[in-house]
There are 2 protein chains.
Amino acid sequence: MKQGCLIVVSGPSGTGKGTVCASLLAAHPEIAYSISATTRQPRDGEHNGVNYYFLEKPAFERMIADGELLEWAEVYGHYYGTPLRPIQEKLADGQDILLEIDTQGALKVQKKCPDGIFIFLLPPSLTELERRIRGRGTEDEKDLARRLAAAQKEIDVAHRYRYAVVNDKVDTAVAKIAAILTAEHCRMEANRQLLTEIAGTKEKR
Amino acid sequence: MKQGCLIVVSGPSGTGKGTVCASLLAAHPEIAYSISATTRQPRDGEHNGVNYYFLEKPAFERMIADGELLEWAEVYGHYYGTPLRPIQEKLADGQDILLEIDTQGALKVQKKCPDGIFIFLLPPSLTELERRIRGRGTEDEKDLARRLAAAQKEIDVAHRYRYAVVNDKVDTAVAKIAAILTAEHCRMEANRQLLTEIAGTKEKR
């Protein structure tokens, strides 16, 4: 059984990770999605096991203690993390699984899963990123400046990722990520078994 | 200016390199094709500068002496080789260029161009390869056995290639090679310049 691929899509906030990942999953239902765990309350329309695994604090802390999270962080008093077991199960099952995560989380995942396909999603420009963040209409000027400075820093560590994809148009970015996945499945390392099978097919008749 | 990619498609004879490469070029006219040089006579319908560069022996030997061939070989008294300059020019021009070559030639190219995208085209099985070679109707049994043994040996060195693509259906193989090319253009190493540009876009305003 051929192992699945862990696809990690990351990038500064405002680059459109969420839209691109949703569109990728819609176009490729064969790709599984890694659902995060959190201790924050569900918002309207959010469902347990769909958007997040909503956990009580002690349950989350038990997962941390038991090493059941691939990475985790505390943000404004709430825990967020990536459950390890569903990912391991899907990969062993030959299924590809997508993880959408911020850049700090991605670097933590990279330490534990160096073979993952790390894709850095880029805005076409910082000016465009500013326009997109403003478009959300939820930021004051100070917050905006802080976010843009953070984005610039995050782009500085992008070289640790295997791939860079500019999110200029969502469809183009999605097509590129799908192409990356196809290519990764063609990598020689992923096909040693196949080579052995093909080279051996004459004897088996 | 972003450098183009050298795509090297290789594999045992009978795997359908020619058909796959022709179909790839038809679907992607933006990809250039590396035309080989030879000292053999043109066959009916073959044109100089289209199928091959047809050269006299002294001209070919001068290219060897001047290091103007990426690789070359002598087969049944005729020279065959890959002119270096057109490849260098296209790559510098940002154009991707396809080189279809046998496995011995590919390994020689790899020594000089380790950054090329080396794709090993595989038959679905050795049984299917035998069927395809027989289908050409030009082989006697001894020749067939020799070719199949050679194919098996060639598959044994396939691990030196970056990618493996099974030529089960031509369209699928072509789509995979195109995906590999897209992915290679997204590799972080190929996008350092882009990162610098994007991270610097705020200052430039």
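In this predicted model, A:Val9 stands opposite A:Ile119 of strand β8 in chain A. The two strands concerned, β1 (residues 6-10) and β8 (residues 117-122) of chain A, pair in the parallel sense over four bridges.

**The sheet and its helices**

Strands β1 and β8 belong to an open sheet of five strands in chain A, with the order β2-β7-β1-β8-β9 and parallel pairing. At its edges lie β2 (32-33) and β9 (163-166) of chain A, each of which pairs on one side only.

Two helices of chain A that pack on this sheet are α1 and α7. Helix α1 touches β1, β2, β7 and β8 of chain A, whereas helix α7 touches β1, β8 and β9 of chain A. The table sets out the direction of each helix against a strand of the sheet.

| Helix (chain A) | Residues | Reference strand (chain A) | Angle between directions |
|---|---|---|---|
| α1 | 17-27 | β7 | about 165° |
| α7 | 170-186 | β8 | about 165° |

**Chain A as a whole**

Chain A holds eight helices and nine strands. Its C-alpha atoms fill a box of roughly 70 × 40 × 30 Å, taken along the principal axes. Of the 205 residues in chain A, 36% are buried. Where contacts in chain A link residues at least 6 apart in sequence, 68% of these contacts join residues at least 24 apart.

**The interface with chain B**

The contact between the chains involves 32 residues of chain A and 32 residues of chain B. On the side of chain A that touches chain B, at least two residues are supplied by each of α5 (126-135), α6 (141-156), β9, α7 and α8 (192-204) of chain A.

The same surface serves both copies, since 100% of the contact residues of chain A recur in chain B.

Terms used: Residues are numbered from 1 along each chain as its sequence is written. Chains are lettered from A and ligands numbered from 1 in the order in which they are written. This is a predicted model: local features need pLDDT of at least 70, side-chain atom pairs count only at pLDDT 80 or more; totals for chains, interfaces and linings use all residues. Two strands pair if DSSP finds at least two bridges between them. Two residues are in contact if their C-beta atoms, placed from the backbone, lie within 7 Å. Axes are lines fitted to C-alpha atoms, for helices over the stretch in contact, and angles run from 0 to 180 degrees between N-to-C directions. A residue is buried if 20 or more other C-beta atoms lie within 10 Å of its own, exposed if 12 or fewer, and partly exposed in between; C-beta atoms are placed from the backbone.
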